[in-house]
Amino acid sequence: MGATALVLAVTGTASAHPAHHTGPDRQVLPARDGWAAYGTGTTGGAAADPAHVYTVTTWEQFKAALADGGNAPKIVRVKGTIDADGPGCDAFAVPGYDFAAYLKTYDPAVWGRAKTLDAEPDDSPEGLRRASAARQDAFIKAAVPADTTIVGIGRDAGFKGASLQIKGVDNVIVRNLAFESPLDCFPQWDPTDTADGNWNSEYDSAVVHGSTHVWIDHDTFTDGDHPDSTLPSYYGRLYQQHDGELDVVKGSDYVTASWNVFEDHDKTILIGNSDSAATAAVDRGHLKVTFHHNLFRNLVERAPRVRFGQVDSYNNHFVAGDGYSYTYGIGMESRLVAEHNAFTLPDGVRAGAVLKKWKDAPVTAADNYVNGRPVDLLAVHNAEVPGETLRADAGWTPELRTRVDRPQAVPGIVGRHAGAGHLR
């Protein structure tokens with residue numbers, strides 16, 4: 001069945017979902033529910049007519065539904081788990097690509113550590129890697145249009161290996177979906193990244209890029225069957241095939257992430273992706289994001305790491321596990337407010353590690369509980385890490401909040417209701 005026929009097939013199911021339907025697919029972001037409620041609010045595809053409501057079960061149907069209907073509001077209902085990995089890594093590789101040849105050519109003992117691979121020609125192992133990566137990129141990325149709601153139906157809907165690109169659009173809702181992180185088939189070796197070099201990967205589960213009014217709600221983000229512990233090492237460095245779970249970058253604004261689960265991942269969430277002057281010109285005054293009632297479990301870092309953004313993080317539960325580095329990354333010109341959160345830290349992890357100073361920026365941290373007791377995160381950090389003193393008072397007071405729970409109650413509330421399959 002061709003793409004056009006697929007669109008017709010999924011469109012044909014729309015008559016069962018009239019415009020007055022008030023189920024999860026028609027729900028809009030409540031008033032005052034975080035930064036995504038600012039101004040026009042976030043309604044996604046709630047205004048979609050019956051012809052632009054789709055039920056999809058495959059990656060091809062999903063991408064066809066997103067592309068159908070031009071600028072018309074649309075609702076895409078995801079049923080079951082959709083595999084976006086497609087034919088697999090071997091099928092993405094271009095003729096001539098050979099990983100063994102790649103490893104031999106760029107071995108630090110041969111190539112050294114002083115120059116990158118960026119100038120390598122197209123017929124080199126790196127050039128063939130780039131071409132192979134482009135094929136995977138085209139397959140696993142899905143462009144989400146404006147005025148769209150993507151919602152999982154039932155308790156087992158989601159994506160394996162997909163990368164949603166919410167890029168240059170306004171008014172998007174993504175709810176009730178389980179995301180297993182994409183696995184980059186062709187990471188790039190960078191000999192100059194740290195003294196030992198690094199493997200760098202692409203593909204976040206969801207990217208908000210230059211977009212506004214986005215609501216990410218009741219989703220689950222995980223590495224699934226491919227945690228970092230299962231990945232090999234080459235040149236003495238982890239062959240990193242994961243990037244982030246959710247990134248908000250390039251001047252994006254008015255985003256609310258609520259009642260999600262982010263777990264079993266390393267570099268989890270970036271708000272702003274660079275300190276550069278060019279990035280600052282785009283991001284300064286933007287990147288307004290709210291995180292509330294999310295569960296962050298067994299993460300290494302970036303929950304989130306913030307540059308420039310005016311970020312409100314409240315009523316979240318953070319559960320540290322093996323390899324924990326930090327929770328909040330305080331970056332260039334960031335203005336983070338972290339209040340009424342709960343932290344569960346294992347023996348050996350001190351509360352001063354919750355905050356990590358990357359650049360000098362003020363932080364508001366109040367009424368947070370660590371292992372059931374109130375802790376002044378800023379004071380503890382400054383006492384335990386005196387070489388990275390942080391300043392108090394982010395300089396603004398969040399007003400776009402609805403329900404605010406006592407931090408002592410947050411672990412139970414979030415544990416019962418956050419993540420895919422718990423949408424009510």
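Author: Two strands are said to pair if DSSP finds at least two bridges between them. The model discussed here is predicted.

Reader: What makes β15 and β18 a pair?

Author: Strand β15 (residues 246-249) and strand β18 (residues 269-271) share three bridges in the parallel sense. The requirement is at least two bridges, so β15 and β18 count as paired. Within this pairing, V248 has I271 of β18 as its bridge partner. Both strands belong to an open sheet of eight strands, in the order β3-β5-β10-β15-β18-β21-β24-β27, with parallel pairing.

Reader: Why are β3 and β27 said to stand at the edges?

Author: β3 (141-143) and β27 (355-357) each have a single partner strand, so one side of each is left without a neighbour in the sheet.

Reader: Why is N315 called buried?

Author: Buried means under 20% relative accessible area. N315 has 0% relative accessibility and therefore counts as buried. N315 is placed in the loop between β22 (310-314) and β23 (317-319).

Reader: How do you know that the side chain of N315 makes a polar contact with D405?

Author: The side chain of N315 reaches the backbone nitrogen of D405 at 2.6 Å, and the limit for a polar contact is within 3.5 Å.

Reader: What makes the buried residues of α9 line one face of the helix?

Author: In helix α9 (residues 410-417), the buried residues are V410, I413, V414 and H417. Seen down the axis of α9, these residues fall within an arc of 90°, so they line one face. The face turned away from that buried side carries the exposed residues G415 and R416.

Terms used:
Residues are numbered from 1 along each chain as its sequence is written. This is a predicted model: local features need pLDDT of at least 70, side-chain atom pairs count only at pLDDT 80 or more; totals for chains, interfaces and linings use all residues. Side-chain values use heavy atoms; hydrogens and water are left out. Helices (H or I, at least four residues) and strands (E, at least two) are DSSP runs, numbered from the N terminus. Buried means under 20% relative accessible area, exposed over 50%, partly exposed in between (1.4 Å probe, protein chains only). A polar contact is a pair of N or O atoms within 3.5 Å; within protein, one must be able to donate a hydrogen and the other to accept it, and residues adjacent in sequence count only if both atoms are side-chain atoms. The arc is that of the directions from the helix axis to the C-beta atoms.
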